[in-house]
Amino acid sequence: MSRKIALSFLIAGSIRHLLMCSTFAPYIRDRVEVSTPLNSWKRVLEGAYLYDNGVDPYSGDMYHENPVILVTTNFLIKHCAAVIPFLFVVIDLLAAGFIYGMAKIVARDLLSRQKREMANYAKGTEELQLKPEDLGQIPLYCTVAYLFNPYTILNCVGQTTTNGLMGFVQRIAHFDLLRTSARVSFWDFLSPTIT
């Protein structure tokens, strides 16, 4: 299983890198389906330029990112601008890694919950129930669905903050939520609405 996931990450990273280095990258960045005024990398560059020159980027209606992103991107633009496209690819692949970890946790929790509640299930539903071998397949399918989603790829190539910095922060917070003890109460809270 680890060979499949490693190969998926390698292919997905290569697709993103090749598209970022191609002549299509500026065209993708300018598409309104991918980049909007709220998540555009051009807006981030303009906000960093204003911030660097002592003008408040929040005084107008041009810059919409939070101050942490403003300071971070200003530093990156000044000191390591050449690695920013590579950074977007790495962050997107890390987000896929977090999705893989979350899917493993959820699949394991669902299987253990199914074992506890097996007496409540109807007869003849065995083929619909989770099996231990599904614990490897579910995270793989979730990760592959994220890695090869055309919209996700285009957001990475377009260097939008949706899949870039903000998406990464949101995925870390979500992963931390699942790793804490609150995940049991969170999933139990949702279970009446799911079933």
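Student: How many helices and how many strands does the secondary structure of the protein come to?
Tutor: Helices (H or I, at least four residues) and strands (E, at least two) are DSSP runs, numbered from the N terminus. Read from the N terminus on, the elements run α-α-α-α-α-α-α-α-α. The totals are nine helices and zero strands.

Student: What kind of model is this, and from which number are residues numbered along each chain?
Tutor: This is a predicted model, in which local features need pLDDT of at least 70 and side-chain atom pairs count only at pLDDT 80 or more, while totals for chains, interfaces and linings use all residues. Side-chain values use heavy atoms, with hydrogens and water left out, and residues are numbered along each chain as its sequence is written, from 1.

Student: What percentage of the 195 residues in the protein is buried?
Tutor: Buried means under 20% relative accessible area, exposed means over 50%, and partly exposed is in between (1.4 Å probe, protein chains only). Of the 195 residues, the buried ones make up 34%.

Student: At what angle do helix α5 and helix α6 pack?
Tutor: Two packed helices are described by the angle between their axes and the distance between the axes. Axes are lines fitted to C-alpha atoms, for helices over the stretch in contact, and angles run from 0 to 180 degrees between N-to-C directions. Helix α5 covers residues 84-116 and helix α6 residues 134-147. Their axes are 8 Å apart, and the angle is about 150°.

Student: Is the crossing of α1 past α5 left-handed or right-handed?
Tutor: A crossing is left-handed if the near helix is turned anticlockwise from the far one by less than a right angle, and right-handed if clockwise. The axes of α1 and α5 are 10 Å apart at an angle of about 150°, and therefore these helices are roughly antiparallel to each other. α5 passes α6 in a right-handed crossing. α1 passes α5 in a crossing that is right-handed.

Student: Which residue meets R16 in a salt bridge?
Tutor: A salt bridge is a side-chain nitrogen of Lys or Arg within 4 Å of a carboxyl oxygen of Asp or Glu, and the structure holds four of them. In one, R16 has its partner at 2.6 Å, N to O. This pair links distant parts of the chain, helix α1 and helix α5, 76 residues apart. R16 is buried at 0% relative accessibility, and at 1% so is its partner, D92.

Student: How far is the C-alpha atom of Y146 from that of D92?
Tutor: Y146 is in helix α6 and is buried, with 10% relative accessibility. Along the chain, Y146 and D92 are 54 residues apart. Their C-alpha atoms are separated by 9.5 Å.

Student: How far apart are the closest N and O atoms of R31 and E33?
Tutor: R31 is partly exposed, with a relative accessible area of 33%, and E33 is partly exposed at 47%. In their salt bridge the closest N and O atoms are apart by 2.9 Å.

Student: What is the phi of Q159 near?
Tutor: Most residues other than glycine have a negative phi. Q159 is placed in the loop between α7 (150-157) and α8 (165-179), where it is buried at 4% relative accessible area. Its phi is positive, near 55°.

Technical notes: Angles under 35 degrees count as roughly parallel, over 145 as roughly antiparallel, 65 to 115 as roughly perpendicular and the rest as oblique.
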